[in-house]
Amino acid sequence: MASFTERETVQKPIIEYATQIGWEYIKPEEAERQRGNNTSIILGEIFINQLKKLNPDFSEKEIQQVLRELENIYPENIEGNLTAWEYLKGIRAIFVEAHKRHLNIKLIDTENIENNAFHVSEEFTFTDGTKTIRQDIVFFINGIPLIFVEAKAPHVLEAINNALEQVKRYHRDTPKLLAVEQVYVLTNYIRLVYGATWNDSNKNLYNWKEERQGSFEDLIKAFFNRERMIKLLTDYILFARKDEKLEKVILRPHQIRAIEKAIERAKDPEKKRGLIWHTQGSGKTYTMIVLAKKLIENPIFNNPTVIMLVDRTELESQLFNNLNACGFENVEVTENKEHLKELLRSDKRGLIVSMIHKFEGMPANLNTRKNIFVLIDEAHRTTSGKLGNYLMGALPNATYIGFTGTPIDKTAHGNSTFLIFGKDDPPHGYLDKYSIAQSIEDGTTVRLHYSLASNELRIDKDLLEKEFLNLKDAEGISDVEELNRILDKAVNLKNAIKSKNRIEKIAKFIAQHFKENVEPLGYKAFVVAVDREACVLYKQELDKHLPEEYSKVVISPFYNDPEEMKKYHLTEEEEKRIRKDFVSPDKNPKILIVTNKLLTGFDAPVLYCMYLDKPMRDHVLLQTIARVNRPYEDEQGRKKPAGLIIDFIGIFDNLEKALAFDSSDIGGIVEDIQKLKERFKELMEEGKRKYLEPLKGLSQSRAMEKILEDFNDEEKRKGFYEFYKEVSRIYDILSPDEFLRPYLADMEVLTKMYRIIKEAYEPSARIDREISKKVEELVRKYVIQSDINIKDGLEVYEIDENILKKLEEERLSDTEKIYNLSISIEKLVEKEGLRLPYLISIGERAKAIMEQYKRRQLSTNQALEEIKKLIEEINRAKLEQAQMKIDDTQFSIYWLLKEKGIEKAKEIAEEFYKVLQKYPYWKTSSEHERAVKKELLNMVKDINLIKEIIDKLKIAYEGKGL
C-alpha cells in the first residue's frame, strides 16, 4: 500500500533533491554532536573551519567570539534577528588583535559560493531549557541554521495553515533559535510558500512557483538552488523601522524577478530603457530600494550614480523615509534645481532622490557618464511632456527604468509611455509585468467589488459624459492634480455633486452602510469627495449620524481658506497620528474623508470600503481604488474577503470608457456586486441540492448521523469546505442586503454542518476563526424556521463516572455517540494532558480508534465499545490516583507501566520518579536523558517502553498536549 505520510512523501524527497543540488546531508545525531547539545544552535566544527577559511586575518579566538555572539543573540526577538542578519551581510565588525582595529567578518562568501559549506539535516531538536521544539528540516550555511522547513502530508486539510501555527509556536517558545534563523518554508508537496522569520501571518506568505514545471522536484531544486538561497538571504531581506517599530520584509518572487531583469538591462550596452509594471499593492517601493542597493553595491557598475525620481513632495518624503527606515545611508535629497544641477555636474556618486520638476530647464549633456541609472516612480505620469525631454537630454547615456502600478493605457498618453520606456521590449512594452490577475491569484492583493448607488443618489449620466467622460483632455489621466484641473472646469458637474440635498442623503446612506456592512467586520472606510469643500460638507453631515470621533478630514491646508474649512486643517504631527491610528483596527478614526491626499502611497490593509463620490478614470481611478485591495488578517485569523467600492458617481456604469486599458491587463480588477449575488444564488442552489435536500424530514439524531457518515469521505469533505468558504465570503460582503433574506435559513444550516464536520474530522482546527463575524451573528442572534433540524456542533461531555449512563439515556445514534465521546476525550487531553501525561497516551489511542473507524476498519459497534473502554479507563485512573495520593507525574509513569502489563508497576514507578529527580535536566540535556535511560534499563528491560514514557512526559512538559 502506498505511503502518504509527511515524512515519506514530503520530508525525505526535499532532502534527497537538496543533496542532488549540492547540499550535504548531516544526520540529526551528528548535527547534535557538532552543536554540543540541543540547547546550542550552530554546528561548531563546521562554523569554525569555514570562518577560518573565509577570514584568514582572524584568530580562532576571535572566531570563537563570533560563535558565542551568534549563540547568544540578544535580544531574542526581531532586533536580535537584525543583528544576526548584519553578520550574514558582512557588515558587523569585531576587534582584530593582529590589526589593532575593528574589521568586518565574513560569514558567507557571496562571490564564490563554492567557498561555503551547505548542509541539510532533519528532526532538528532545540530547547531553551523550558520549551522544546523539533523542526522538520533545517538548512545550514557554514554551520549556521538559516532556513527551516515545516512539511505536511498532501492529504492533510489546511496543511499550510497548520504548519504556520507551528511556526508561530516556535517564535513564542524558542525565540533564541528564531533570532538566528532567517527564512521558513511551508510545503505539503502541492504548494510551497515561504516567509521571513518574525513575520508569521498568512498575508506574509509568498507562493514560490516561478520555475515550477509541474513537479515537486523542480520546485524544490529551483527554490533551494544554493546561489539563489544566498541571494535571498543577503540581498532580498530588508529590515525597516516604521513608527519606531522594526519590521522585516522578504521580497516576493515577482519582485526578485524584476530586480534581476533590471540588473541585466543595466549591464546591456545597447538597451537603455525598461518599464516594470507591478500592480498597486505589490511592493513596488521595496523593489526600487533593493534595486538601487544592488546597482550601487555591484562592482561591475564601477561606483555608479542612482537617481530615484518622484513627481510629488509627499512621495519624495515617503521615499526618503522608506530608504532611511531600511538603513540606506548617504542618501542625497535635492533641495532645489541648483542643488540637483550641482550634484550632477560634480559627478556625485551613490544615491540621489529628487522630484522630476527639478529637471525643468536643465542644460543638455550635463553628465554623459554611462553608469548613471534613473529609477522613476509612477513613470506613466512622471516623465510626460517637456520634463522627460529635459531629464533625458541632461543625462543622454543613462539607463532609465520606469516603475508603474498601472498598465500602459490605450490613449495617446499611453503611446508616449511606450515610446519612452517600452520600445526596447516590444510588443507590449514591459521589461517585467505583474498583473492584477496574478496578484489576486497569489494573494498579494484581494479582489475588488463595486456597487452602484441608487439612481436617486447618482449623478445624471448625460452630464457626467458631457463634462468628464467624453472629454479628450480627460483621457489617460495619470495625476490627481491634472484631474482636479479638469473638474474645476466642469462647473455644472461639480455643483450637482455638491448639492446640499444630495450630500445629506449620501452621508445618511454612508453612515447606515458603514454600521451594517463595514463596522461588524472590524474594517474601515474612505469617503473620496470631489474637492476639499465637499470633504468638509461630508464631515459635517456624517457627524449627525455617527460619533464625531469616527471620521476625520485629511486635506491640504490653503492659507486663504475660509474659517469653516480652517477648522479641519491638520498639523503634520496631527496628520501623522491620524494615519497611524487609522491603520490600527481598534482605534478611531474609522472613516477618512479625502480628495487628493492618501489616494497614492498610503497603505492601510484594514481599509475595506471606499465611498467614491469623485469622477475619475484611467490611472487615477486604478490608483485610487487600489487603496482597498490590500490583504488583511485580524488577530483571530479572519481574512478580509475583498475590497468594496460604492460608486455614487456612476463611473463603473461605463467601465470601458473609464478604464482605457487593454482588457487582458485589467481583467478581474473590479467586479459588479450583482455578479456576486448571481454567484451566491448559484452556490446556494447547489448547496441545497447537494447538502441540504438529503437531510430533509430526518430527526435531529438521524440528520447528525447522516452528516457524520456521508462526510467520512475525504474528497467530499474537501468539496464542502471549498463550497462553504466561498459562500460565506460572499455572504460577508453582501450582508445585510435584503437579497439574502430567502437564503438565511439555509445559510444557518450550512454553517452548523460546517462546524459539525470540522469538529468531527479536524478537531484541532480553529473553527471560530474560520466562521466570520456576520455568519456567527446569523447563527447566534436569529431564530429562523427551517425544515432541517440539526445541532450547532458536537456535544462535549464532562468525563466522569456518570457519562456512559447519561449517554444511554439520550436518544442519540451510535455514530453520534462515537464522535461526541471522541471529541470529549480530545478536549480533556487538551485541558488536563499537561498535568496528567498518561492522558496523552489515552488520547493517542482514541485518535487511533477514530482513524480505524473512519477508514471502515472498525464497525460502529466495535468503535463505540473501544471508545467506552477508554472512558472507563479514564474514570478508573482518576479513582485510583485519588486513592494512591501520589504526584501526577509518578502516577502517570505507574499508569503507563501498568497499561503495558509490567509487574510491580507501582514500585517501579516510584524508583523511576526518583531517577528523574536525580537528573533534573533530563528534559533538555541529552547527557542527562541518556543517564536516565541507562538507569531505567536496570528496572525495565524494554528500551522502547522507556523511550515511550519519556516522550509522553516530555510532550507534557513542553506544553504540546497532543
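1. Two strands count as paired if DSSP finds at least two bridges between them. In this predicted model, strand S2 (residues 93-96) and strand S3 (residues 101-104) run antiparallel and are joined by four bridges. Ala 93 stands opposite Asn 104 in S3. The two strands form a hairpin with four residues between them, and Lys 100 in the turn has a positive phi of about 55°.

2. An open sheet is formed by seven strands in the order S14-S15-S13-S16-S17-S12-S18, with parallel pairing. Strand S14 (331-333) and strand S18 (432-434) stand at the edges with a single partner strand each, so one side of each lacks a neighbour in the sheet. On average, neighbouring strands of this sheet are turned by 15° against each other, direction ignored.

3. Within the pairing of strand S13 (residues 305-310) with strand S16 (residues 372-376), five bridges are found in the parallel sense. Met 308 stands opposite Leu 375 in S16.

4. Helix H3 (residues 44-54) has buried residues including Ile 46, Phe 47, Ile 48, Leu 51 and Leu 54. Gly 44 and Gln 50 are buried as well. Among the elements covering the buried residues of H3 are helix H2 (28-35), helix H4 (60-71), strand S4 (118-127) and strand S6 (144-151).

5. Helix H35 (residues 814-832) packs against helix H37 (residues 860-884) at an angle of about 35°, with the axes 9 Å apart. The contact involves, among others, Ile 818, Leu 821, Ile 825 and Leu 828 of H35, and Leu 864, Ile 867, Leu 870 and Ile 874 of H37. By class, this contact has 10 nonpolar, three polar and two charged residues. H35 passes H37 in a left-handed crossing.

Technical notes
Residues numbered from 1 in each chain as written. Predicted model: local features only at pLDDT ≥ 70, side-chain atom pairs only at ≥ 80, totals over all residues. Heavy atoms only, no water. Buried < 20%, exposed > 50% of the residue type's maximum accessible area, 1.4 Å probe, protein only. Contact = heavy atoms within 4.5 Å. Axes fitted to C-alpha atoms, helices over the stretch in contact; angles between N-to-C directions. Left-handed = near helix turned anticlockwise from the far one by under 90°. Nonpolar A, V, L, I, M, F, W, Y, C, P; charged D, E, K, R; others polar.
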